[in-house]
Amino acid sequence: MVTYIIRRLIGALLMLAVVSMVTFSIFFVVPRLAGVTATDFANRYVGRAATQETVVAVANKLGLNDPVVVQYARWIKGIFVGAEYDYGAGVEHCPAPCFGYSFVTKNPVWPDLVDRMPVTLSLAAGASIIWLLAGVAVGVLSALKRGSIFDRTAMVIALSGVSLPPFFTGLIALSLFSYGLRITAPGGAYTPLTENPAEWAYSLILPWLTLAFLNAAAYARLTRAGMLETMGEDYIRTARAKGLRESTVITKHGLRAALTPIVTIFGLDVGILLGGAILTENVFSLPGLGKYATQAISTQDLPKIMGFTMLAAFFIVMANLIVDLLYAVVDPRVRLT
Amino acid sequence: MSEHFLDVRDLKIHFPTDDGLVRSVDGLSFKLERGRTLGIVGESGSGKSVTSLGILGLHKGGRARISGEIWLDGEELVSASPEHVRRLRGKKMSMIFQDPLSAMHPYFTVGAQIIEAYRIHNKVTKKVARKHAVDLLGRVGIPQPERRVDSYPHEFSGGMRQRAMIAMALSCDPELLIADEPTTALDVTVQAQILDLMRDLQRDFNAALIIITHDLGVVAELSDDILVMYGGKAIEYGSAEDIFERPEHPYTWGLLGSMPRLDREPTERLLPIKGSPPSLINVPAGCAFHPRCAFEGRTGGKANTEVPDLVETEGGHLVRCHLPREERRAIWATEIKPNLESA
């Protein structure tokens with residue numbers, strides 16, 4: 001078990017290294033191949049009015065003319081020990097972990113990410129709990145009442161939930177509940193948990209529900225399919241033959257087995273979500289990582305995009321590892337070797 | 001009322017499907033006393049497993065149509081409430097299933113599953129129940145039971161799993177024990193051990209035992225009485241001696257002929273029953289067995305028009321066949337028995 005975890009951790013680190021190389025290549029190598037020069041890059045950092053000499057000087061100071069490998073190594077080194085950036089108007093210090101320095105907003109990327117993390121974390125935590133509980137409950141009931149009105153209705157709603165993107169459901173919900181009925185917070189209203197927990201929940205309830213609707217639908221379908229399969233298993237018949245109440249048969253014996261794949265997917269989904277729910281955060285103007293990423297993309301702020309990508313990749317890789325470990329806890333037949 | 005411990009009368013379990021009505025069990029009657037063993041024999045799809053599930057009230061829920069009477073120790077179960085039958089399940093009557101790997105929950109330890117079964121019907125602490133589980137595991141011959149009680153089913157061998165399954169079924173001292181193909185999933189050597197174990201335990205517990213199997217060898221070991229099923233109906237019912245020494249139904253002859261025996265010449269071929277079991281939706285008209293019966297021509301044309309009745313031929317030995325009694329006996333004595341013993 002311990003050796004397994006160590007091996008998986010090393011694997012996770014390697015995975016992140018590969019992600020960093022791919023990310024770096026996408027932003028620094030691919031444009032070069034497409035004909036973008038070092039001075040073109042430097043141009044982004046110095047502003048429009050700069051002279052050609054300033055741009056060339058900045059390109060040299062930032063090492064944009066160095067071999068790609070050297071630039072990559074410098075970027076990685078920054079993550080561990082910090083970095084200094086000199087773009088002509090003085091040296092900017094970027095302390096470790098330095099995931100880059102934005103020349104658009106003139107600040108290191110990492111503190112930005114840390115600032116926005118609580119928002120994304122709040123959104124992910126609330127939404128995932130709602131969709132897990134709702135999805136599993138609906139899925140179980142649907143499976144037990146297969147073919148009933150409830151089942152059919154639930155599955156139609158689930159299908160729409162899976163098909164409708166948050167920028168549709170979110171906007172409808174906003175116009176209906178926030179601006180129409182005025183029972184939920186309007187978009188852009190976010191109160192940190194530490195300031196006022198009630199306000200926090202109030203400001204997030206609609207984004208939670210929107211995001212949960214999308215995923216609950218998928219979970220309901222998955223749970224339903226899992227329960228239908230499980231309830232036909234021989235061990236369910238055995239549980240009934242012991243004289244167990246049907247409710248115990250369903251919750252203890254049925255759900256226990258049907259939940260295994262749900263746990264797996266739940267872990268991965270939360271991992272992905274921690275990297276920012278881009279659509280939902282934008283619809284509700286929540287200052288989280290997803291919103292940060294879209295802003296960075298629209299201003300072509302490379303260091304921010306790269307920092308965000310690395311953080312999101314980190315969450316996904318860790319979620320994968322945790323899910324694999326959890327799998328052995330959930331299913332005793334799985335041996336981690 | 002019934003003075004017998006288990007008395008099944010005209011039991012019918014039908015399943016309506018899109019293709020038609022499946023008559024899995026179609027008018028089955030038998031009796032069983034405490035301490036006695038009944039073997040129910042038949043091919044796949046003859047209705048033997050559905051019968052046992054029906055007794056426990058486990059035939060698939062709302063869709064099945066069940067009629068007839070099942071008297072267990074003076075109580076009628078078909079008309080009883082599902083909740084009442086649930087309370088009897090596991091305590092008064094319990095079941096050993098065919099494949100212990102799929103019949104035990106893979107996520108719970110063997111001990112937890114036995115403890116659960118015991119605590120449903122007995123208000124005891126977990127500790128007491130655990131002690132009971134360890135005792136039971138020891139009793140069914142599992143070595144180091146206090147350690148193995150915490151193992152998962154997949155950590156057991158096939159034979160050990162079946163022993164654990166038996167321990168689970170015995171946890172509440174059931175008075176009726178139904179074993180559905182208890183040895184089918186096991187090695188031959190392990191089969192014999194499990195059968196021995198069941199015989200010993202039945203003696204200790206004085207339970208009524210129903211063994212459901214397609215293997216006449218298994219029932220020969222254990223049974224007092226044997227019921228041969230075909231197409232959802234009993235076609236021959238009698239003491240083990242009747243069935244093995246004086247079988248009168250051509251299907252029973254077929255079963256005996258297709259049973260491998262060590263006292264036969266290795267070169268000699270088994271005598272399989274031709275054809276396959278009937279569809280339970282379109283049961284052949286007349287005698288359900290007639291399309292596969294070698295003696296169908298000797299019934300005077302009744303075979304495919306009239307359903308034969310289950311009639312007593314001699315001292316509790318019942319047969320469902322159109323052939324005249326004398327002719328059946330003559331065929332057994334001159335054509336079938338010599339072939340079975342020719343080796």
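**Overview**

UniProt, in an unreviewed entry, places the feature "transmembrane region" at residues 12-30, 119-144, 156-180, 200-222, 257-279 and 305-330 of chain A. The model is predicted. Chain B has an open sheet of eight strands, and 23 residues of chain B are in contact with 16 residues of chain A.

**Annotated stretches of chain A**

**Helix packing in chain A**

- Helix α5 (residues 109-144) and helix α12 (residues 289-298) of chain A pack at an angle of about 135 degrees, and their axes are 8 Å apart.
- On the α5(A) side the contact is made by A:Asp112, A:Leu113, A:Arg116, A:Met117 and A:Thr120, and on the α12(A) side by A:Leu289, A:Gly290 and A:Tyr292.
- Sorted by class, the residues in this contact of α5(A) with α12(A) are four nonpolar, two polar and two charged.

**Where chain B meets chain A**

- The contact between the chains involves 23 residues of chain B and 16 residues of chain A.
- Four elements of chain B each supply at least two residues of the side that touches chain A: α2 (82-88), β6 (93-96), α3 (100-103) and α4 (110-121).
- The largest share of that side, four residues, comes from α4(B).
- By class, the side of chain B that touches chain A has 11 nonpolar, six polar and six charged residues.

**The sheet of chain B**

- The strand order in the open sheet is β6-β7-β8-β3-β9-β10-β12-β11 (chain B), and the pairing is mixed.
- At the edges are β6 and β11 (310-314) of chain B, each of which pairs on one side only.
- From one strand to the next, the twist averages 20 degrees.
- Strand β3 (residues 37-41) of chain B runs parallel to β9(B) and is joined to β9(B) by four bridges; B:Ile40 has B:Leu227 as its bridge partner in β9(B).
- Strand β9 (residues 225-230) of chain B runs antiparallel to β10(B), with six bridges joining the two. Here B:Met229 has B:Ala234 as its bridge partner.
- β9(B) and β10(B) form a hairpin with two residues between them, and B:Gly231 in the turn has a positive phi of about 55 degrees.
- Two bridges link β10(B) to strand β12 (residues 317-320) of chain B, and the two strands run antiparallel. B:Glu236 has B:Val319 as its bridge partner in β12(B).
- Strand β10 (residues 233-239) of chain B is mostly covered, with six of its seven residues buried.

**B:Arg161 and its surroundings**

- B:Arg161 lies in helix α7 (residues 158-169) of chain B.
- B:Arg161 counts as buried because 22 C-beta neighbours lie inside 10 Å, where the cut-off is 20 or more.
- Apart from neighbours within four places in sequence, B:Arg161 is in contact with B:Pro100, B:Leu101, B:Met104, B:Pro153 and B:Phe156.
- Along the chain B:Arg161 and B:Leu101 are 60 residues apart, while their C-alpha atoms are separated by 7.0 Å.

Technical notes:
Residues numbered from 1 in each chain as written. Chains lettered and ligands numbered in written order. Predicted model: local features only at pLDDT ≥ 70, side-chain atom pairs only at ≥ 80, totals over all residues. Contact = placed C-beta atoms within 7 Å. Nonpolar A, V, L, I, M, F, W, Y, C, P; charged D, E, K, R; others polar. UniProt positions renumbered as here; feature names shortened; annotations may be inferred. Buried ≥ 20, exposed ≤ 12 C-beta atoms within 10 Å, placed from the backbone. Pairing = 2+ DSSP bridges. Axes fitted to C-alpha atoms, helices over the stretch in contact; angles between N-to-C directions.
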